[in-house]
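Work through the exercises below with the sequence and the 3D structure at hand. Each task is followed by a solution in steps.

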Amino acid sequence: MKAPLVKIHRLGFGIKGLDEMLSGGLIEGTVSAIIGAYGTGKTNFAQYFIWEGLKQGQNALYITLEERTSRILNYMENKGWDVSAFLDTSFTIVNLDPSDFNLAINSVKNELPTLIKKTGAHRVVIDPISLFEDLFHDDATRRREMMRFLESIRDLNCTSLLISEADKTNSFISKYNLIEYLSDTVILLKYARGSDSTDVHLAIEVVKMRMSQHSREVKPFEIHQDSVIVYTEATVF
Ligand SMILES: Nc1ncnc2c1ncn2[C@@H]1O[C@H](COP(=O)(O)OP(=O)(O)O)[C@@H](O)[C@H]1O
Ligand SMILES: [Mg+2]
């Protein structure tokens, strides 16, 4: 007799086209990465992920290494979301100051697992993880420490989304070409030029998703004031 299949829970972004590409959403308990050059919409997607969780009554933790807490709140409220109603209860924003790098590295490594437990966070975003990766002095240390770090958050009862800057010369890989190997799911955001080569569009691709079927197609998307639309019926070129 075949063993019964374990029911997989998925966490959507609340962005229809993307959730379709992910067969419903990120798998609960996994670590995912969104990789893209600046301005491709990474922070937007991370915020949708958080907001979708809050709406469903899940606790969320947003670690920001780049922007002040007030700016994050502004961005989210400008989308028409009443996020402040969730602050101090189900929504926690933590701003790590990258100017104090030693503090940041220790905070992320040692205190984040505690913080995830304490806040009961179901969804965790680190934006951007690249600033954390910058802290390590050499590739071997970075790889070892990042592997340990990801294992420590995988052991917790949360689903994590790591936002990663793209490499400067190859926007299809992350800054250190490491996070894509360590993550269970990798979503790539990129600029795509149409055949008329005048307009530049944004495009999204699910490059990898462990334990799941997913779309392998590159789909165009648009960011608007209060929506992100992924055009699953369209092709980029
Ligand atoms: N309110 C908005 N209306 C239309 N486009 C927006 C809006 N907010 C952001 N964008 C688009 O999203 C881009 C930045 O998105 P963001 O998520 O901050 O990117 P990243 O985190 O990858 O740098 C902007 O360059 C702009 O093109
Ligand atoms: Mg950003």
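A pocket is found on a 1 Å grid over the protein atoms alone: it is an open set of points where a 1.4 Å probe fits, with protein on both sides within 12 Å along at least five of seven lines, and lining residues have an atom within 4 Å of a point. A volume is the space filled by probe spheres set on the points, which are joined across faces, edges and corners. The model is predicted, so local features need pLDDT of at least 70 and side-chain atom pairs pLDDT 80 or more, while totals for chains, interfaces and linings use all residues. Residues are numbered from 1 along each chain, chains are lettered from A and ligands numbered from 1 as written, and side-chain values use heavy atoms without hydrogens or water.

**Exercise 1.** Describe the largest pocket by volume and lining.

Step 1. The largest pocket holds about 450 Å³ of space.
Step 2. Its lining has 21 residues, and Ala37, Tyr38, Lys42, Glu165 and Ala166 lie nearest the centre.
Step 3. Two or more lining residues come from each of α2 and β7 (159–165); helices (H or I, at least four residues) and strands (E, at least two) are DSSP runs numbered from the N terminus.
Step 4. By class, the lining has 8 nonpolar, 5 polar and 8 charged residues. Ala, Val, Leu, Ile, Met, Phe, Trp, Tyr, Cys and Pro count as nonpolar, Asp, Glu, Lys and Arg as charged, and the others as polar.

**Exercise 2.** Is Lys219 buried or exposed, and what does its side chain contact?

Step 1. Lys219 belongs to strand β10.
Step 2. Its relative accessible area is 4%, so Lys219 is buried (under 20%; exposed is over 50%, partly exposed in between, with a 1.4 Å probe and protein chains only).
Step 3. A polar atom of the Lys219 side chain is 3.0 Å from the backbone oxygen of Thr232. For the backbone oxygen of Ala234, the distance to a polar atom of that side chain is 2.8 Å.

How values were computed. A polar contact is a pair of N or O atoms within 3.5 Å; within protein, one must be able to donate a hydrogen and the other to accept it, and residues adjacent in sequence count only if both atoms are side-chain atoms.
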